[in-house]
Amino acid sequence: VRITPAREKSPSFPIANLGNSDNLQAGDWVIAVGNPFGLENTVTLGIVSNTARPMSRMSTGLAMKGTMIQTDAAINPGNSGGPLCNEWGDVIGINTMIRRRANSIGFAVPINRVKECMSDLIEGKQVAHSFLGITHRTLTPDQAKTHNADPNSYPDNLPEVSGAMVVHVMPSTPAARAGLKRFDVIREASGKKINNGDDLTAIVDSSKVGEPLNLVVLRGDRVFKIAAMPADLATFLESQNRVNQPTPGRAQETPRMLPQQP
C-alpha cells in the first residue's frame with residue numbers, strides 16, 4: 001500500500017470527532033458502523049446497556065482486563081474495529097466483540113481508554129497493562145458478619161466493612177513483593193475509597209506501570225499502608241513462560257508420587 005501526500009485540490013478525508021466515554025449513561029442511543037460479513041457501510045442502532053462491564057467477569061475464553069461498553073446495537077464479524085458513535089456522531093467506543101451464545105450483547109472499548117494509549121500505538125510501542133497479581137472479590141459488612149459467626153470459618157476476624165478482599169496472591173508479582181496476603185481487605189487505593197472489587201479493578205487498570213499505588217489495607221483488626229508497584233502484565237507472562245520452558249538438551253524428570261501420610 002502506497003500513501004501519497006494529498007494535493008491542494010484533492011478532497012480531504014472526513015474526520016470523526018472523538019467523544020467522551022465517561023459521560024455515557026445506560027440507555028443512551030448509540031450507532032455501530034462497520035462492514036459485517038462484507039456488507040459495506042452498515043449502520044446499526046441500539047442503546048448503551050452498561051457503561052463499564054468488567055471483562056474479568058466474562059467467560060470469553062480470553063485473558064482480558066479492564067471494562068467495556070456493553071450495547072445491544074448489532075455487532076457481527078466485520079464490525080470489529082469500527083466506531084461506536086453517540087447520537088451526535090461522536091466516536092465513544094471501538095467495536096470489539098460479542099458474547100457467544102447470546103443475542104444483542106456486544107462490547108466496545110471506551111474511547112477514553114483508546115485516547116490514553118493512542119500515542120503509544122502511533123509510535124509502534126506496546127501498550128502496557130498494569131496488574132498487581134491478586135484475585136479478589138467484593139466484601140460487604142453482612143458477608144463478613146455471617147462469615148465471622150460461623151464457628152467453622154477461617155479466619156474468624158474478617159473486618160466487617162465494604163471493600164475488596166484478597167482471595168489469592170500470585171508469587172513473584174507486585175502484590176507478593178508489597179506484602180499483600182490472603183484475606184486482606186483493601187479499603188483505599190490511590191486515595192480513593194474502595195467499596196467493591198470493581199472499584200479496585202478500575203483503579204489498577206488506570207494506574208501507571210512502575211508508579212507506586214498506595215493502598216490502605218485491613219488485616220484483621222490492624223490497618224496497613226502498603227505501596228505496591230504495578231507491573232506490565234504482558235512482560236510478566238513472557239517471563240513466566242521463559243521460566244517454565246524446558247532447558248534444551250536436558251531430559252525432563254518424571255514426577256514421582258509421594259506416599260500418602262497416614
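Biologist: Which residue forms a salt bridge with E123?

Modeller: K125 does, with the closest N and O atoms 3.1 Å apart. Keep in mind that this is a predicted model.

Biologist: Is E123 buried or exposed? And what about K125?

Modeller: E123 has a relative accessible area of 54% and is exposed, because the cut-off for that class is over 50%. K125 comes out at 48%, so it counts as partly exposed.

Biologist: How many salt bridges are there by that rule?

Modeller: The count comes to three. One of them joins R113 to E116, where the closest N and O atoms are 3.2 Å apart.

Biologist: Where do R113 and E116 lie?

Modeller: Both are in helix α1, residues 111-122. They are three residues apart, about one turn of the helix. R113 is partly exposed at 27% relative accessible area, and E116 is partly exposed too, at 48%.

Biologist: What does R219 meet in a salt bridge?

Modeller: The side chain of D184, at 2.7 Å from N to O. That pair links distant parts of the chain, 35 residues apart. R219 is in strand β12, residues 213-219, and D184 is in the loop between α3 and β10.

Biologist: Is D184 buried or exposed?

Modeller: Buried, with a relative accessible area of 1%. R219 is partly exposed, at 24%.

Biologist: Which ring does R219 lie over?

Modeller: F224. R219 lies over the face of that ring, at 4.7 Å from its centre. R219 therefore has two entries here: the salt bridge with D184 and the position over F224.

Biologist: Changing topic. How many aromatic pairs are there?

Modeller: Two, by the rule used. F131 and F236 form a tilted pair, 5.0 Å centre to centre, with 45 degrees between the planes.

Biologist: Why does the F131 and F236 pair tie together parts that are apart in sequence?

Modeller: Because F131 lies in strand β7, residues 130-131, while F236 lies in helix α5, residues 233-244, and the parts tied together are 105 residues apart in sequence. F131 is buried at 6% relative accessible area. F236 counts as buried as well, at 10%.

Biologist: What about Y154 and F183?

Modeller: They form an edge-to-face pair, 6.3 Å centre to centre, with 85 degrees between the planes. This pair also links distant parts of the chain, 29 residues apart. Y154 is in the loop between α2 (141-149) and β9 (163-169), and F183 is in the loop between α3 (174-178) and β10 (185-189).

Biologist: Is Y154 buried or exposed?

Modeller: Exposed, with a relative accessible area of 67%.

Biologist: Back to F236. P171 is in contact with what, leaving aside its neighbours within four places in sequence?

Modeller: P171 is in contact with A176 and F236. P171 is found in the loop between β9 and α3, and at 60% relative accessibility it counts as exposed. F236, on the other hand, is buried at 10%.

Biologist: And how are P171 and I134 separated?

Modeller: Their C-alpha atoms are 9.4 Å apart, while along the chain the two residues are 37 residues apart.

Biologist: Now the surface. Which residues make the nonpolar patch?

Modeller: L18, M118 and I122, giving a patch of about 270 Å².

Biologist: Where is L18?

Modeller: In the segment before β1, which spans 29-34. L18 counts as partly exposed at 35% relative accessibility, and patches take residues with over 30%, so L18 clears that cut-off.

Biologist: What is the accessible surface of the chain as a whole?

Modeller: About 17,500 Å², of which 52% belongs to carbon and sulfur atoms. Of the 262 residues in the chain, 34% are buried.

Biologist: How many helices and strands does the chain have?

Modeller: Five helices and 14 strands.

Biologist: What share of the contacts comes from residues 24 or more positions apart?

Modeller: They account for 54% of the contacts in the chain with a separation of 6 or more.

Technical notes: Residues numbered from 1 in each chain as written. Predicted model: local features only at pLDDT ≥ 70, side-chain atom pairs only at ≥ 80, totals over all residues. Heavy atoms only, no water. Patch = residues over 30% accessible without salt bridge, like charges linked within 9 Å, V, L, I, M, F, W, Y side chains within 5 Å. Areas by Shrake-Rupley, 256 points an atom, 1.4 Å probe, with all protein chains shown as cover. Salt bridge = Lys/Arg side-chain N within 4 Å of Asp/Glu carboxyl O. Helix = DSSP H or I, 4+ residues; strand = E, 2+ residues; numbered from the N terminus. Buried < 20%, exposed > 50% of the residue type's maximum accessible area, 1.4 Å probe, protein only. Phe/Tyr/Trp six-rings, centres within 6.5 Å; stacked < 30°, edge-to-face > 60°. Lys NZ or Arg CZ within 6 Å of the ring centre and 35° of its normal. Contact = heavy atoms within 4.5 Å.
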